Number of protein chains: 4
Amino acid sequence: MSRAELVSGMGRSTPDRIWVQGRDLCRDLLGKVSLSDMAWLEITGREPTPGESKVFDALLVVLVEHGMTPMAIATRLTYLGAPESLQAAVAAGLCGMGTTFAGTAEGAAKLLQEALRDAPAEADLAEMARGIVAERFARKAVVPGIGHPLHKPVDPRAPVLFALAEEHGIAGRHVALMQQVSRAAEASSGRSLPVNATGALGAIASDMGLDWRLCRGLAVIGRAVGLVGHIAEELRQPIAREVWLRVEEETARNAAKGEDEHG
Amino acid sequence: MSRAELVSGMGRSTPDRIWVQGRDLCRDLLGKVSLSDMAWLEITGREPTPGESKVFDALLVVLVEHGMTPMAIATRLTYLGAPESLQAAVAAGLCGMGTTFAGTAEGAAKLLQEALRDAPAEADLAEMARGIVAERFARKAVVPGIGHPLHKPVDPRAPVLFALAEEHGIAGRHVALMQQVSRAAEASSGRSLPVNATGALGAIASDMGLDWRLCRGLAVIGRAVGLVGHIAEELRQPIAREVWLRVEEETARNAAKGEDEHG
Amino acid sequence: MSRAELVSGMGRSTPDRIWVQGRDLCRDLLGKVSLSDMAWLEITGREPTPGESKVFDALLVVLVEHGMTPMAIATRLTYLGAPESLQAAVAAGLCGMGTTFAGTAEGAAKLLQEALRDAPAEADLAEMARGIVAERFARKAVVPGIGHPLHKPVDPRAPVLFALAEEHGIAGRHVALMQQVSRAAEASSGRSLPVNATGALGAIASDMGLDWRLCRGLAVIGRAVGLVGHIAEELRQPIAREVWLRVEEETARNAAKGEDEHG
Amino acid sequence: MSRAELVSGMGRSTPDRIWVQGRDLCRDLLGKVSLSDMAWLEITGREPTPGESKVFDALLVVLVEHGMTPMAIATRLTYLGAPESLQAAVAAGLCGMGTTFAGTAEGAAKLLQEALRDAPAEADLAEMARGIVAERFARKAVVPGIGHPLHKPVDPRAPVLFALAEEHGIAGRHVALMQQVSRAAEASSGRSLPVNATGALGAIASDMGLDWRLCRGLAVIGRAVGLVGHIAEELRQPIAREVWLRVEEETARNAAKGEDEHG
């Protein structure tokens with residue numbers, strides 16, 4: 001049976017060399033490129049320009065740490081149960097990076113990329129944004145990339161990211177449209193709905209030419225770093241056992257009470 | 001009931017600020033620190049020195065990519081089944097970073113740290129290494145951090161990492177002991193058993209003061225970057241479906257044959 | 001600050017007893033209820049009727065094994081890398097149970113439950129099905145629960161499940177609507193689009209009163225069983241290393257060729 | 001290059017049939033075998049005897065539910081973040097089934113199987129147990145399968161499992177040795193160290209002929225059922241958000257206090 005060949009340019013090894021994206025890892029990369037440039041190379045297959053390097057680094061850094069998130073707690077609880085598998089504890093935390101939290105970078109980037117894919121250069125972005133918002137609001141759908149339950153009236157990460165993208169010549173139509181979407185949503189709803197960190201990330205990544213399906217990957221890289229950090233602190237100053245015991249104790253107490261009353 | 005307080009210095013948020021390790025993320029870190037410096041800050045709670053920064057970056061970069069590993073294939077197969085959950089595909093790949101592959105950084109660091117914890121400054125490392133190797137060989141145990149099935153006679157990553165650690169004043173007794181362990185194992189076995197990439201990583205991380213239980217975490221961070229890269233390539237140039245169909249077809253053909261013969 | 005109480009009836013322990021759903025595990029359940037009845041009890045909080053017991057068991061059994069799926073291969077590759085963490089190998093496989101494969105039980109159940117939630121008893125299901133299909137086809141959306149790339153013209157699992165649901169008095173409006181959806185889709189497209197295994201699962205689970213958001217959970221339970229089975233076979237008769245080496249070799253060979261031609 | 005063939009007897013499909021372990025799923029299994037018998041068939045490749053069926057079912061049921069464990073909390077937190085990926089929430093919970101908790105079934109089974117592999121039929125199990133305990137205590141190692149932090153003086157699950165294994169003619173030398181190990185450890189330490197649930201599971205599974213490396217798999221199957229149950233309750237009566245907010249609030253409050261004092 002005739003089959004497709006398996007083709008990949010990611011890397012390969014010979015006894016004395018490791019090739020990564022066509023480069024010699026030990027001669028060309030190790031000690032010469034940063035982790036974030038390496039990430040760009042892995043994702044795009046080429047080295048970043050200096051501007052891309054700077055902005056991409058910020059996109060990876062911005063989601064590393066957001067305190068005691070559900071992901072961080074899940075990682076710590078998993079590490080408590082399986083300290084021999086640090087990798088599985090990080091994996092467990094990453095599994096929670098879905099639509100509720102930072103996964104929304106993907107939704108924002110998809111929205112922007114689909115809107116601009118076939119749009120002429122002279123398209124009116126403010127009008128386009130009003131259309132997007134009206135359509136979403138009409139079917140009671142969420143507009144990804146705007147608003148934040150805590151960071152009000154402004155998510156402080158977004159302006160910093162936008163300023164960096166501007167400074168390094170990255171900001172383009174996707175960033176502009178994201179900002180217009182925020183304005184249109186605020187005008188239509190009368191509420192404060194600024195671009196949030198994942199909206200900024202999705203918009204800037206789009207202006208850098210990254211497929212929207214990969215935007216969540218930037219959040220995943222950043223958060224993997226943060227979750228290893230949480231394990232480091234858990235080793236020095238553990239909280240997982242205490243969290244577990246409190247939850248177990250309170251639910252057991254309430255259950256016992258319920259059984260007394262009804263039983 | 002009196003309970004321990006939950007204490008963490010990782011981060012916290014107020015409406016207008018995000019604190020990370022006591023720093024203001026937006027003012028002090030974003031656009032100013034690299035992803036790898038951020039990783040160091042998360043793990044140790046302080047900024048790296050210039051030398052630590054350089055060497056730690058290399059430790060994170062070295063394991064990003066090693067071609068079509070079992071982890072990379074598992075990530076691609078998982079993404080095929082659940083493209084809506086990129087994070088779970090990376091998580092699935094990370095779950096395979098155990099004792100067989102890069103997880104060995106942990107074993108090497110543990111060996112070195114336990115050996116040197118109470119060792120006097122004037123301890124003879126060559127003798128110590130011979131003792132370690134003899135004890136392991138006697139009970140037919142693996143000596144972590146040396147030898148590689150493919151990279152012979154030398155794992156080309158180790159000398160580059162050691163040179164960087166030397167250049168930046170990081171290399172100390174753990175690196176020296178790791179190299180002596182390799183020599184002792186080669187002398188005792190008569191085989192080529194050079195320090196491998198995870199052995200170098202474990203030794204250098206130990207000289208940087210990192211707990212051996214965190215060394216696998218460096219591999220996890222690096223590999224998370226690489227696995228996102230594999231998903232990026234899978235989007236452009238997929239192989240997961242073909243791998244699946246080939247395996248399914250061959251096992252089904254062999255099973256049908258077996259049933260014909262025996263049934 | 002006033003907070004919600006943490007309440008759960010799943011289980012709790014005292015030194016001499018383990019309570020599960022208000023029952024004494026050791027006195028009332030262990031040795032007396034089957035794994036599948038236990039699953040029903042855990043999910044619904046009550047014991048199943050004899051008919052529910054029989055049908056629910058079949059819903060859990062049907063997806064246990066489907067040969068060398070991407071999930072099974074991912075589990076085996078992960079076990080190769082981390083044999084000390086069997087649980088993480090099963091977890092890795094489960095991560096792939098998304099929208100592409102068995103996760104579609106969820107979509108089918110959602111479709112049926114939303115359509116019938118407010119429908120009057122005398123609603124014409126054939127007409128309802130034509131509306132559902134027309135709306136989905138118009139926006140080029142997939143109709144979940146029908147069609148199968150391999151099992152044509154009929155997915156042999158669906159009629160067996162439907163017969164069981166009929167025999168035990170479970171089959172109701174959701175099953176009837178699922179079958180009408182298949183008919184309407186076949187009439188509209190002119191193609192063979194029979195109800196598939198996940199469509200039958202979603203419809204029957206809906207007639208049993210299960211929330212559509214839990215239907216994927218039945219597939220997860222069944223597949224967890226199957227993935228442990230794959231690890232058992234991998235121990236006796238391994239294939240993961242061979243799959244890895246073939247993929248690595250072929251991609252490396254093709255990459256080397258490409259570099260020769262272009263380099 | 002000559003390569004090993006890929007061989008598997010797990011299952012395969014033709015357009016009108018699904019073969020599982022050489023049986024026709026739809027004709028021979030669906031509606032006829034229970035989930036637990038299916039699990040036995042998947043793991044061993046043959047149907048269980050009536051006694052094996054009964055005892056194996058109990059081994060799978062016993063670990064389904066143990067209240068608000070770290071695994072259950074991790075699953076609920078992950079589901080909060082990624083409700084679209086129920087499978088990843090179960091996977092996250094399973095990742096925590098390591099050496100600290102139920103993963104110990106593996107350790108107990110390994111101990112027993114290695115001790116009895118080459119032991120003559122007339123070996124004195126009490127003496128063997130004293131040797132095992134003495135050797136472990138001497139190097140301050142844990143003896144797996146005995147003792148429980150909460151269930152004292154007896155883990156109530158163990159006697160029920162042992163009685164079932166006895167009743168169905170399964171209990172043999174592994175069970176006897178496990179009980180002797182408990183007695184020897186109690187005599188040597190002067191503390192109450194009864195066989196616990198995972199010890200009983202490991203011993204009985206060993207007497208059923210299962211490889212010790214698969215014993216953790218039984219716990220994984222049982223717990224997968226329980227974790228789907230926890231998601232079902234989370235849908236009706238959520239606690240994950242409240243757990244998260246409490247932990248976040250308390251750590252943030254303590255961090256702010258610390259910064260005030262020191263800053």
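This is a predicted model: local features need pLDDT of at least 70, side-chain atom pairs count only at pLDDT 80 or more; totals for chains, interfaces and linings use all residues.
Between chain A and chain B, the count of residue pairs in polar contact, with both residues at pLDDT 80 or more, is 26. The side of chain A that touches chain B draws most on helix H11 (residues 215-236) of chain A, which gives 15 residues.

The contact takes 87 residues from chain A and 87 residues from chain B, and the area buried between chain A and chain B is about 7300 Å². Carbon and sulfur atoms give 69% of that buried area. Within the part that chain A buries against chain B, Leu30(A), Leu35(A) and Gln87(A) supply 10% of the area, which is more than any other three residues. The size of an interface is often given as the accessible area lost when the parts come together.

Chain A can be laid on chain B with an RMSD of 0.0 Å by a turn of 180 degrees, together with a shift of 0.0 Å along the axis. The two copies are therefore related as by a two-fold rotation axis. In chain A, the C-alpha nearest this axis belongs to Ala91(A), and the distance from the axis is 2.1 Å. Since 100% of the interface residues of chain A are also interface residues in chain B, the copies meet through the same surface.

A further interface is found between chain B and chain D. Here 20 residues of chain B are in contact with 20 residues of chain D, and the two chains bury about 1700 Å² between them, with 51% of this area on carbon and sulfur atoms. Across this interface of chain B and chain D the rule finds zero salt bridges, whereas seven residue pairs are found in polar contact, both residues being at pLDDT 80 or more. Helix H5 (86-94) and helix H12 (240-262) of chain B each supply at least two residues of the side of chain B that touches chain D. Of the contributors to this side, H12(B) gives the most, with eight residues. The residues on this side of chain B comprise nine nonpolar, six polar and five charged.

Superposition was also applied to this pair. A rotation of 180 degrees, with 0.0 Å of shift along its axis, superposes chain B on chain D with an RMSD of 0.0 Å. The C-alpha of chain B that is nearest the axis is that of Ala88(B), at 3.2 Å from it. For this pair the same surface serves both copies, as 100% of the contact residues of chain B recur in chain D.

Within chain D, an open sheet of three strands has the order S1-S2-S3, with antiparallel pairing. Strand S1 (11-14) and strand S3 (23-24) of chain D are the edge strands, each of which pairs on one side only. Four bridges join S1(D) to strand S2 (residues 17-20) of chain D, and these two strands run antiparallel. The bridge partner of Gly11(D) in S2(D) is Val20(D).

Conventions. Residues are numbered from 1 along each chain as its sequence is written. Chains are lettered from A and ligands numbered from 1 in the order in which they are written. Side-chain values use heavy atoms; hydrogens and water are left out. Contact means heavy atoms within 4.5 Å. Buried area is the accessible area (1.4 Å probe) that two parts lose on being put together, summed over both. A salt bridge is a side-chain nitrogen of Lys or Arg within 4 Å of a carboxyl oxygen of Asp or Glu. A polar contact is a pair of N or O atoms within 3.5 Å; within protein, one must be able to donate a hydrogen and the other to accept it, and residues adjacent in sequence count only if both atoms are side-chain atoms. Ala, Val, Leu, Ile, Met, Phe, Trp, Tyr, Cys and Pro count as nonpolar, Asp, Glu, Lys and Arg as charged, and the others, Gly among them, as polar. Copies are superposed by least squares on the C-alpha atoms of residues with pLDDT of at least 70 in both. Two strands pair if DSSP finds at least two bridges between them.
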